[in-house]
Structure formats: C-alpha cells, structure tokens
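Subject: Structure for your review

Dear colleague,

Please find below the structure that I am handing over to you. The findings follow directly after it.

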Amino acid sequence: MIYTRVCEILGIEHPIIQGGMAWVATAELAAAVSNAGGLGIIGAGNAPADVVEKEIIKAKGMTGKPFGVNVMLLSPFVDEVMDVIIKNKVKVVTTGAGNPGKYIGRLKEIGTRIIPVVPSVALAKRMESMGVDAVIVEGTEAGGHIGELTTMCLVPQIADAVRVPVIAAGGIADGRGLAAAMILGAEGVQIGTRFVCSDECTAHKNYKEAIVKAKDRDAVVTGRSTGHPVRCLKNRLTREFEYLEQRGISPEEIEKLGAGKLKEAVVDGNVESGSVMAGQIAGLVGDIKPVKEIIDQLLKEAENVMSDTMQIFRR
Ligand code: TUI
C-alpha cells in the first residue's frame, strides 16, 4: 500500500487523482476513479453551472466515495460554478489556469479541500499562505493548457518550497511515473491522458484510439505566440495553427479558431479537425481498459519498481 498525506487529507485509499479534463472528465469517469480508490474529478471546463451541477448529482448517485470538481478559472461561468460546488458540498476542488485566491475562504468554510494547479514556485508559496490544502505541480509534459517548466524540475523545487503536500502531474501514466514522482518529493500524482483511455471514459472512441496510436513526438504545442500554449495530438488543426502562427496571425484570431474544437474531438470524434488534447505520455498508452485495472496495475508496478531499483543498484 502506498499511503501519504494526500490520502489522509482527501479520504482516499491511493494517492491517485484523475485530471479534471474539460468535456472528458464526466461523472462516469470520476465515479469510476473514486470507486477504484483514487480521487475522481469532474472537469467543469467552460460548462455553465447547471451542466456542472447535473454532473455532480450524477456522480453522487454513482459513488459514495469522495470526488472533486476541477474549476477552469478562465471560464465565463466560474462564479456560478463555484456557487453550485458550495451548494452541493463537493468534497474537493482543484483549479487550473489562474489564481483561485478569492474563492478559498468560502470553500474552507464548508470544509471543501482546495488544491490549485501551480506552474511556479512563487505561486505555490502564495497559495500555501492563502490556506490551500495541497498543490498540483503540473509540468509542461501535460496535455491541454500548459506551463513552461518540466515535471522533473518543478516538482522538487516546489516540494522544497512548501510544507503542504505536492501532487505531481504531467507525463505520468504508469507505476514508474508514480514512483519517480514520489522520489522527487511528491505525495501523489494527477493522471489525465491514461484515464482518457479507460472503458468508463465517455470520450468518443476515435479520441481514445488516437491516443493509443500516438507515438512519442505526436503531442505538439500550438498557441505559443498567443501566450496560451496548448498541447494536442498533431493533426490537420495543429498544422493549420502552425501555418497561421508562422504567418503572424493575431492572437485573437487564433483564439477564435480554437473555439469549440475540443468538443468536436471529444464528443463528435472528429480527431482531424478537432482539438485532441493529450500529454507527451500519450506514446506510452497502449490500450483501453477499465479504470480499476489501470489503477491496480499502476500501484503494483510502482511498488515493484521501487524495490527492484534498490536491488539492482545496491552492491
Ligand atoms: O488548466 C489546465 N489545463 C487545461 S484547462 C483546459 S480547458 C480550456 N478549454 C478552452 C479554453 C481554455 C481552457 C484544457 N487544459 N492545466 C492546469 C494549469 N494551470 N496549467 C497551467 C496553469 C496555471 C497557469 C497560471 C495555473 C495558475 C496560473 O496562475 C497565473 C497567476 O494568476 O498567477
């Protein structure tokens, strides 16, 4: 058993948190991860509050275990989404793409655990001083909207800078990744891309198959010129972005071109013209299977590699 402060704080068996991926992380996926002993997360993305509330109610009907909601702080509905989270007493909130400072007080009042994604040491320290329960340290290996630093460099620097538990994210999809993260000072991991390729994930089969087919160099970054880099699997859309960015198209037009593209890939299965957000670790994902098998195998592998590594290198 791998048991850390992350398990204690969140009331879960294994320190594995599922990424709150917009459109992908529905009640079905979140409940499956929570039922398998991790922490499932509903991804609010840009969804209106009533849609998020329906997912929360659905997840409550599918699991008696704790689950969370990821709030994407750039969403136009962020205030209303926070209201439904508080109304429904969701146990855990993770945040992305900004500073959740103004919501921390209300969440803490009802005992909701608050865990922001932090892309730098400075923000990690600021968040700690505002009372967050842990931080998710997400490296640039991750899918979707990304920061600049790698998981390998950012996790130990933040682990040294804060006392709250660190949850590593970006580039983790198997037991070796969990073991490595713990050696860098993390007490848990957040996993996204690997969970997309699960039976319980409701994303279109084309999306899952695109990840299974992906090789090491297929998850590319577009949007650097706009200041909002996004990692997706290479396809017609990323090539179009690349072409237009080279030609100096305005950031506003790039943003406009990206609108609705994630839904197109996840829901409609249009993996050539849609945005197939995925992390660099996509190349490692070889199959689609039940969430419980992913988690059980990952934990067994982590324990094995930790003891094997010691055996191999000890004289
Ligand atoms: O949030 C993510 N990744 C995402 S969100 C998303 S959904 C979306 N769809 C369409 C348009 C916009 C978003 C897809 N992928 N990862 C967590 C993350 N957070 N990565 C980086 C950050 C971050 C960046 C800046 C966190 C805090 C931050 O703070 C800046 C500040 O205010 O100091």
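At 42% relative accessibility, alanine 97 counts as partly exposed; the class runs between buried, under 20% relative accessible area, and exposed, over 50%, with a 1.4 Å probe and the protein chains only. Before I go on, please note that this is a predicted model, in which local features need pLDDT of at least 70 and side-chain atom pairs count only at pLDDT 80 or more, while totals for chains, interfaces and linings use all residues. Residues are numbered from 1 along each chain as its sequence is written, and side-chain values use heavy atoms, with hydrogens and water left out.

Alanine 97 is placed in the loop between strand 4 and helix 5 (101–109). Helices (H or I, at least four residues) and strands (E, at least two) are DSSP runs, numbered from the N terminus. Although alanine 97 is not a glycine, its phi is positive, at about 65°. Most residues other than glycine have a negative phi.

Alanine 97 also belongs to the surroundings of the ligand: 14 residues surround the ligand, and the closest are Met72, Ala97, Gly98, Glu138 and His145. A residue is near a molecule if one of its heavy atoms lies within 4 Å of it. Polar contacts are pairs of N or O atoms within 3.5 Å; within protein, one must be able to donate a hydrogen and the other to accept it, and residues adjacent in sequence count only if both atoms are side-chain atoms. A polar backbone atom of alanine 97 is 2.9 Å from a nitrogen atom of the ligand. For histidine 145, a polar backbone atom lies 3.0 Å from a ligand nitrogen atom. Glutamate 138 contributes through its side chain, where an N or O atom is 3.1 Å from a nitrogen atom of the ligand. On its own the ligand has 720 Å² of accessible area, and the protein covers 71% of this; accessible areas come from the Shrake-Rupley method with a 1.4 Å probe, and for residues only the protein chains shown count as cover.

The buried residues of helix 5 are Gly101, Tyr103, Ile104 and Leu107. Seen down the helix axis, they fall within an arc of 130°, so they line one face of helix 5; the arc is that of the directions from the axis to the C-beta atoms. Lys102 and Glu109 are exposed on the other side of helix 5. The buried residues pack against helix 4, strand 4, strand 5 (113–118) and helix 6 (121–129), where contact means heavy atoms within 4.5 Å.

After helix 5 comes glycine 111, with a positive phi near 80°. Threonine 112 is found in the loop between helix 5 and strand 5, and at 3% relative accessibility it counts as buried. Apart from neighbours within four places in sequence, threonine 112 is in contact with Val90, Lys91, Val92, Val93, Leu107 and Asp133.

Helix 3

Helix 3 (residues 49–62) has 14 residues and, at 1.5 Å a residue, should span 20 Å; its end C-alpha atoms are 20 Å apart, which agrees. The expected span is 1.5 Å times one less than the number of residues. Which residues of helix 3 are buried? They are Ala49, Val52, Glu53, Glu55, Ile56 and Ala59. These buried residues fall within an arc of 160° seen down the axis of helix 3, so they line one face of the helix. The face turned away from the buried side carries the exposed residues Lys54, Ile57 and Gly61. Cover for the buried residues of helix 3 includes helix 2 (27–35), strand 2 (40–43), strand 3 (67–72) and helix 4 (78–87).

Two further loop residues

Lysine 89 lies in the loop between helix 4 and strand 4 (92–96). Its phi is near 50°, a positive value in a residue other than glycine, and lysine 89 counts as exposed at 56% relative accessibility.

Threonine 140 is in the loop between strand 6 (135–138) and strand 7 (144–145). With a relative accessible area of 13%, threonine 140 is buried. A polar atom of the threonine 140 side chain lies 2.8 Å from the backbone oxygen of glycine 147. Not counting residues up to four places away in sequence, threonine 140 touches Ile146, Gly147, Glu148, Leu149, Thr150 and Arg231.

Yours sincerely
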